[in-house]
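Colleague: I'm new to this one. Can we go through the terms and see what backs them up?

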Amino acid sequence: MQGFGREVILGVGGGIAAYKSCDLLRRLRDLGFGVTVVPTPSSLNFVGSATWEALSGRKVTTEVFESVEEVRHISLAKNSNFIIIAPATADLMARIAAGRADDLLTNVILASNSPVLIVPAMHPEMWNDEATKTNVATLRSRGYHVMDPDTGALTSGDVGQGRFPETSRILGEFAEITGSRSDLLGKKVLITAGGTREAIDPVRFIGNQSSGKQGYAVARSAQRRGAQVTLISANSNLADIEGIRTIKVESASQMLSALDAEFTHTDILVMSAAVADARPKQIADAKIKKNEFTNIALVENPDILRTISAKKSRQVIVGFAAETSENLETAQAKMVSKGADILYLNDISGGDIFNSETTHGFILVRGKEPKKVAETTKDTLAHQLLDEALLQLG
Ligand code: C5P
C-alpha cells in the first residue's frame with residue numbers, strides 16, 4: 001500500500017527526545033493519520049510502550065519475535081503509507097545505512113517501499129562525526145528524507161546543532177512528502193451512506209441496491225483531509241473505517257432521528273444514502289403467510305433531506321440524485337426544493353453504478369454551471385464534492 005492512504009509508522013529511537021515524539025504522534029492523529037508506533041528496544045528506557053499504546057490506540061511491539069504469528073514486520077511494512085523515524089539516533093541511522101535488521105523497526109524499514117522521513121536528534125559532536133555524516137549522506141542518496149536537526153541548547157547543557165525540531169517543522173516536512181491536504185482540519189462532516197430498509201414483517205423488507213461505497217468514499221476522503229467524520233450507515237456490508245464514528249441504522253425514520261441529533265454540530269452534510277420513498281403502513285408482528293402476501297399498503301416516508309435542510313444555519317448540504325436520464329433541469333429543481341447547496345446527479349442509466357468502484361454524472365452547484373464528471377473513481381468524486389462544499393463554506 002502506498003500513496004494516498006494515511007497509515008503511518010512512527011519509529012522511535014533511543015534518545016531523550018523520544019518524549020517530544022508523543023506530541024508529534026498526537027498531532028498526526030489530529031490530522032487523521034492512523035499511527036502505529038514501533039520503538040527500538042533501547043528507546044523504551046525513555047518512553048515506555050504503555051504511553052505509545054495509550055496515545056496511538058494500537059498495540060506496540062519492538063522485536064520481530066513478538067506476535068510472530070502476525071509476521072508483523074511484513075504486515076506493518078505492507079499496510080503503511082509513510083514511515084517517520086523520530087527521534088533518529090546516530091546508532092539507528094548507522095544500522096539503517098548498513099541494512100541491518102536487528103529489531104522490529106529496522107526490519108520494517110528494510111521490508112517497506114514507503115517514503116521515510118528521518119528526524120535526527122543527538123549531541124552536536126555525534127551529529128558532526130564523520131561516521132554520522134557519511135551515514136546521513138548514504139541515506140539521502142538512497143532517497144530517505146533526512147532532516148537537519150535544529151541548533152540550540154541541548155539536554156547536556158551544550159549548545160549546537162542536534163536538537164529535535166519543533167513538531168510544526170516536522171509536520172511541514174512531512175506534508176511536503178505526503179502531498180496530503182489538511183484543509184478540512186477542525187471541520188465536522190456528517191455523511192449518510194447505504195440504503196434504508198423498511199420492514200414488512202420480521203423477515204421481509206423493502207430495500208434498494210445501494211452498496212454504500214460512495215458515502216464511505218466521502219467519509220474516507222474527508223477523514224484524510226483532517227475532518228472529524230460521523231457516518232450514518234444504512235445496511236452497508238462495507239467494513240467500518242478506523243477513526244470514523246459510525247452510527248448504524250436500518251430504516252428512514254431511524255436515519256432521520258440520527259441526523260437530527262447530529263446535524264447542529266455539523267459543518268458539511270453529505271446525504272448520499274438511498275432513502276426508501278415509502279414504507280409499509282404496518283409492520284406485521286409475525287411472518288405473513290405465503291397465501292396472504294398479496295399486497296403491501298404503503299405510506300410515504302418523510303423526505304429526510306428536505307426536513308433536515310429546514311434546520312440549516314451555517315451548514316453546507318450536498319444531496320444526491322440517481323437518475324436514469326441526464327435531466328439537468330429536474331435535478332436543479334430537486335436541489336432547490338430539497339434545500340441542498342450542491343447536488344450530484346448520478347447517471348445510473350447504464351444500470352451498473354450500484355456496487356461499482358466508479359461513477360459518472362454532473363455536479364450541480366447553486367448559481368454555477370453544471371460540471372460534467374466523466375467516468376471516475378468514487379474517491380475522486382468524493383474529493384470534488386468536498387472541494388465544492390469547502391468553497392461554499394467559505
Ligand atoms: O428524490 P430523490 O430520491 O431523487 O432524492 C435524492 C436525495 O434525497 C438524496 O440525497 C437522498 O439521500 C435524499 N432523500 C431523502 N429522503 C427521502 C428520499 C431521498 O433525504 N425520503
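Colleague: What makes β18 and β19 a hairpin, and how many residues lie between them?

Modeller: β18 and β19 form a hairpin with 5 residues between them, and G367 in the turn has a positive phi of about 80 degrees. One caution: this is a predicted model, where local features need pLDDT of at least 70, side-chain atom pairs count only at pLDDT 80 or more, and totals for chains, interfaces and linings use all residues. Residues are numbered from 1 along each chain as its sequence is written, and side-chain values use heavy atoms, with hydrogens and water left out.

Colleague: How do you know that β18 and β19 are paired?

Modeller: Two strands pair if DSSP finds at least two bridges between them. β18 (residues 358–365) and β19 (residues 371–377) run antiparallel and are joined by 5 bridges, so they pair by that definition.

Colleague: Why are β12 and β19 said to stand at the edges?

Modeller: The open sheet of 8 strands has the order β12-β11-β8-β13-β16-β17-β18-β19, with mixed pairing. β12 (245–249) and β19 each have a single partner strand, so one side of each is left without a neighbour in the sheet.

Colleague: What lies across β19?

Modeller: Helix α13 (residues 378–393) does, along with β13, β16, β17 and β18, running at about 140 degrees to β19. Such angles run from 0 to 180 degrees between N-to-C directions, with axes being lines fitted to C-alpha atoms, for helices over the stretch in contact.

Colleague: Why are α4 and α5 called oblique?

Modeller: Helix α4 (residues 90–97) and helix α5 (residues 104–111) pack at an angle of about 40 degrees, with their axes 10 Å apart. Under 35 degrees counts as roughly parallel, over 145 as roughly antiparallel, 65 to 115 as roughly perpendicular and the rest as oblique. α4 and α5 are therefore oblique to each other.

Colleague: Which residues meet there?

Modeller: L92, R95 and I96 in α4 meet L105, T106 and I109 in α5, where contact means heavy atoms within 4.5 Å. They divide into 4 nonpolar, 1 polar and 1 charged. Nonpolar covers Ala, Val, Leu, Ile, Met, Phe, Trp, Tyr, Cys and Pro; charged covers Asp, Glu, Lys and Arg; the others, Gly among them, are polar.

Note on methods
Helices (H or I, at least four residues) and strands (E, at least two) are DSSP runs, numbered from the N terminus.
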